[in-house]
Amino acid sequence: MKISYNWLKQFIQIDWESNKTGELLTDLGLEVEGVEKFESVKGGLKGIVVGHVLSCEKHTNADKLNVTMVDIGLDAPVQIVCGAKNVAAGQKVPVATIGTTLYTAEGEAWTIKKGKIRGEESFGMICAEDELGLGTSHDGIMVLDKKLKAGTPCSDVFDIEEDEVFEIGLTPNRADAMSHFGVARDLKAGLKQKEITKELITPSTSHFNINDRSLKVDIDVINTELAPRYCGVTLSNLIVQPSPTWLQNRLKAIGLTPKNNVVDATNYVLHELGQPLHAFDAAKIKGNKIVVKTLDKGTKFTTLDGVERTLHEDDLMICDSEKPLCLAGVFGGLGSGVTEDTTSIFLESAYFNPVSIRKSAKRHALNTDASFRFERGIDIENVEYSLKRAALLIKEIAGGEITSDVYDLYPKKHPNFEVFLAFEKINKLIGQEIPKDTIKSILASLDIKVKNVTEAGMGLEVPSYRVDVQRQVDVIEEILRVYGYNNVAFGQKLNASIATTEVAADHTIQNTIGNVLASKGYYEILTNSLTNPDYTSLLQDEDEERKSIEIINPLSGDLSILRKTCLFSALEAASYNINRRRANLKLFEFGKTYYAKGDKRIEPKYLSILISGDSIPDSWTNKAVATNFFELKAIVQTVLYRLGLTDLKSKPTTSTLFSEGLSLTHKKKELVSFGLIKKSILKQFDIKQDVLFADFDWDAVLKQIEISPVAYKEIPKHPEVKRDFALLLDNKASYKELYDLAFSAERKHLKDMTLFDVYEGKNLPQGKKSYAVSFTLQDDKNTLTEKQIEKIMSKLQHTYERNLGATLR
């Protein structure tokens, strides 16, 4: 939001530098993101001086050029070649001297340089009004008052306004500060805290009076819930023309383009007081009647931008006796606005339901200065005052008379909100005690009335313009921002609490599995929970009891329901990547799906995995290997095995999303379905390659982890011992026989056995082979003695000799 410093000073007289004022506004919660310089004429006419044309002769080499000698206040006159037809000796003219920067209508800068035109030197330029930014005419040079002295800077001749404009990052809750008056109100409170008392200058409407009652417009508000207050007045005998310079400069400073004096006046009051207004051409109001109501769904309406829009049954409209005129609080209609031929207007000022305006603006993709304010909540008590202020301003700059009473339909007055503020709560939230007198002073500066005071706290009445202050904590926030966050002392110690978490917490397990998948080349994606309702037709196996959840106020028709499956979001991501030549995909996502079952809203958690394209890309060393069902099955099992879920059963999937697929269960609970997506579904996303997809029921997975205890054993405290045998065996003997015999002979101390060498060939008897095996021995309670070790090894040797006829080599 842009705030003009000059405009701000009309409400509060302050002589601070802009940076100092900006710091105070930021401390008050109105963060100043930047300050821009504004000049009503770009460049400020720097380098432009009054010149006196001493002589004017025809150019010897060009019929349309003149060679002039011009006195610009220097020791000697300068020669300037000029092509204007109206240049003549004796004139006083604006001259751009060498080095002066001028600007085109598009804002592009160019510099005046010494030049030679058809053989004649030129030391500057005599300017037309459009070249200086003082007008649009290029018919000839500007001729100035002959009384002006040569060399006088043109910035002293013309009224050039210089301003500084604050760019304020306004938070959505601060509807009260969406105007220059609102910012001045905050600034006054901040200054008072610094013991600087300033009066808030309010535009006066005391001289508002009705000239006659010759133009009456009846008002009928049918839907008072959507339009709790509606005011209007008529003005006649107006002259619609460009606005005065001061008004144009105010609007230009904040980035608005002036239109005409009537429209500019409504925009001026909007940014001055924060109250949107709308002016209707009274001659275009059929039946001299305004009706505020909703229309039938499908009604066509053309807005000021020339776009024909289809209305929703909840859109509030301003109509006459025959047709709609305006989309209330959002945008005017094409056939009812003010034009150069307008002589009388109906001026509207109203309070519309914020939710209704926000929905209408979203539905029609419109974002206007009016809707921006209405949807955040304006001051309902400011409606009539702003109307009178605008009517007087229009009368001042467009002439005419006020030709009707002020119609004010306000059937149910909105009471101010009352809050009880506990002193103990203030100290607890802020962290230090603020004197009660200071608190009362701050509240008074914010127009929050103290109704009663007790030892425990204060009963407060919040003004109507503070729609965001409705709770005790809101009032404390107001006190703190005016008191100053920088004035809150730092504590001498730092308190912190240790967060506890379960080993099997959802986020912990998600991180574990996410790391597993990422280590195998998968990319995590995050997709929108809102999806296209057209996708529901692809869910042929949809449970009739599981209803889709529709969004009441969708951003668009394509995102109007919550997803019931994660598949379509993943396919959208896949299609996006494939269309950008990223066809080899490995994607996964954790998230939620949504459906309604009876009166309940269910939000199951899921993990989805998608693979497509080649698992091994084509290269000079090998040909490409396409992804396949077994690769997906392997990664699905990897995920479940990593979580300790190994006792899995498989069965054909019942989902009609897959052309072929499986479901895996654990203890009769289905955990995941996966397979090859049907071609008919892929066609909807313009995907021509195979896509494999796995859909985990994450809630079921988490539950199975909870009921599957983790098996563990302590790390041994005593050392292990390794001993080897080199055995001569029959060729028919197997390592498995050796392994089984060893563990049957020694169950207690034998921990592991490995085969590390096999030999057949020279120096061995016919039909024999040699196995070299290693045994790991360990006692969980004591360190094995040499005697115990020899006894175990002797037992193993005798077992092999007796059962396999083995001998030691």
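Mentor: Axes here are lines fitted to C-alpha atoms, for helices over the stretch in contact, and angles run from 0 to 180 degrees between N-to-C directions. The model is predicted, with local features needing pLDDT of at least 70 and side-chain atom pairs pLDDT 80 or more, while totals for chains, interfaces and linings use all residues. Residues are numbered from 1 along each chain as its sequence is written, and side-chain values use heavy atoms, without hydrogens and water.

Trainee: At what angle do the axes of helix α5 and helix α12 cross?

Mentor: Helices (H or I, at least four residues) and strands (E, at least two) are DSSP runs numbered from the N terminus. Helix α5 covers residues 180-193 and helix α12 covers residues 436-445. Their axes come within 9 Å and cross at roughly 155°.

Trainee: How are α5 and α12 directed relative to each other?

Mentor: Angles under 35 degrees count as roughly parallel, over 145 as roughly antiparallel, 65 to 115 as roughly perpendicular and the rest as oblique. The axes of α5 and α12 cross at roughly 155°. The two helices are therefore roughly antiparallel.

Trainee: Which residues of α12 make the contact with α5?

Mentor: Contact means heavy atoms within 4.5 Å. On the α5 side it involves Ala189, Lys192 and Gln193. Facing them on α12 are Thr438, Ser441, Ile442, Ala444 and Ser445.

Trainee: Which element gives the largest share of the lining of the second largest cavity?

Mentor: On a 1 Å grid over the protein atoms alone, a cavity is a set of points where a 1.4 Å probe fits but cannot get out, and lining residues have an atom within 4 Å of a point. The second largest cavity holds about 50 Å³, and its lining includes Arg185, Asp186, Ala189 and Ser445. The largest share, three residues, comes from α5.

Trainee: What is the volume of the largest cavity?

Mentor: A volume is the space filled by probe spheres set on the grid points, which are joined across faces, edges and corners. The lining of the largest cavity includes Tyr535, Arg563, Lys564 and Phe568. Its volume is about 60 Å³.

Trainee: How many residues line the largest pocket?

Mentor: A pocket is an open set of points with protein on both sides within 12 Å along at least five of seven lines, and the largest one holds about 940 Å³ of space. Strand β39 gives the largest share of its lining, five residues, while Arg546, Lys564, Glu670, Asp695 and Asp697 lie nearest its centre. The number of residues in the whole lining is 32.
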